[in-house]
Amino acid sequence: MVQSLNKRVDLTAQGISFLGIGAQYGQFLIGDEAFEFFNDNNVDNFVQVPWPNIKVVYASVSSKNKISRRFRIETDNGKFDFSSPESGRVLKTMRAHIGNEKILKNPTVLKRIMSTFKKKNKKGI
């Protein structure tokens, strides 16, 4: 059994982790010390990210300003993709711990294509 890093839990929500092959269903525990994900089927499959290790969190937002279910956490050690039907509540709770400047809108496909062309034009290719 894994020991939680949190002393106090602010939010518990259902979620999916996209680590490795396939999706793992489990629970998010967002507390005073860390963001944690525990798999429902196998408790040994878990992700614990302390708040100071999070560099940025990306969330997809539609043109109608609706937050999608998926979000990505970028840390010192790598990137983690998650999904939750309660992603709005999860992101708001995370924002209280890491600050508003670290919760960012994921760039759209059009913006990614435009930035690629801008980079090529700067190089003169």
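This is a predicted model: local features need pLDDT of at least 70, side-chain atom pairs count only at pLDDT 80 or more; totals for chains, interfaces and linings use all residues.
Q: What makes up the secondary structure of the protein chain?
A: There are two helices and eight strands. Helices (H or I, at least four residues) and strands (E, at least two) are DSSP runs, numbered from the N terminus. Along the sequence the pattern reads β-β-β-β-β-β-β-α-β-α.

Q: Why is Lys64 called exposed?
A: The relative accessibility of Lys64 is 75%. Buried means under 20% relative accessible area, exposed over 50%, and partly exposed in between (1.4 Å probe, protein chains only). The value for Lys64 is over 50%, so Lys64 counts as exposed. Lys64 is found in the loop between E5 and E6.

Q: How many residues does the protein chain have, and what percentage of them count as buried?
A: The protein chain has 125 residues, and 34% of them count as buried.

Q: Why do the side chains of Glu33 and Lys7 count as a salt bridge?
A: A salt bridge is a side-chain nitrogen of Lys or Arg within 4 Å of a carboxyl oxygen of Asp or Glu. Glu33 and Lys7 stand at 3.9 Å, N to O. That is within 4 Å, so the pair counts. The pair links distant parts of the chain, 26 residues apart: Glu33 lies in the loop between strand E2 (24-31) and strand E3 (34-39), and Lys7 in the segment before strand E1 (9-17).

Q: Is Glu33 partly exposed or buried, and why?
A: Glu33 has 34% relative accessibility, which lies between 20% and 50%, so Glu33 is partly exposed.

Q: How many salt bridges does the structure hold?
A: The structure holds four salt bridges. One of them joins Arg8 and Asp10 at 2.2 Å, N to O. Arg8 is partly exposed at 46%, and Asp10 is partly exposed at 35%. Another joins Arg89 and Glu86 at 2.6 Å, N to O. Arg89 is partly exposed at 48%, and Glu86 is partly exposed at 25%.

Q: What makes a set of residues a nonpolar core?
A: A nonpolar core is a set of buried Ala, Val, Leu, Ile, Met, Phe, Trp, Tyr and Cys residues joined through side-chain atoms within 4.5 Å. The largest nonpolar core here has 21 residues. Phe35, Val57, Phe71, Phe82, Val90 and Met94 touch the most other members. The elements giving two or more residues to this core include strand E6 (67-75) and helix H1 (87-98). H1 gives the largest share, four residues. In soluble globular proteins, nonpolar side chains tend to be buried together.

Q: Which residues is Phe35 in contact with, leaving aside its neighbours within four places in sequence?
A: Contact means heavy atoms within 4.5 Å. Among the residues in contact with Phe35 are Phe28, Val47, Trp51, Phe71, Phe82, Val90 and Met94.

Note on methods
Residues are numbered from 1 along each chain as its sequence is written. Side-chain values use heavy atoms; hydrogens and water are left out.
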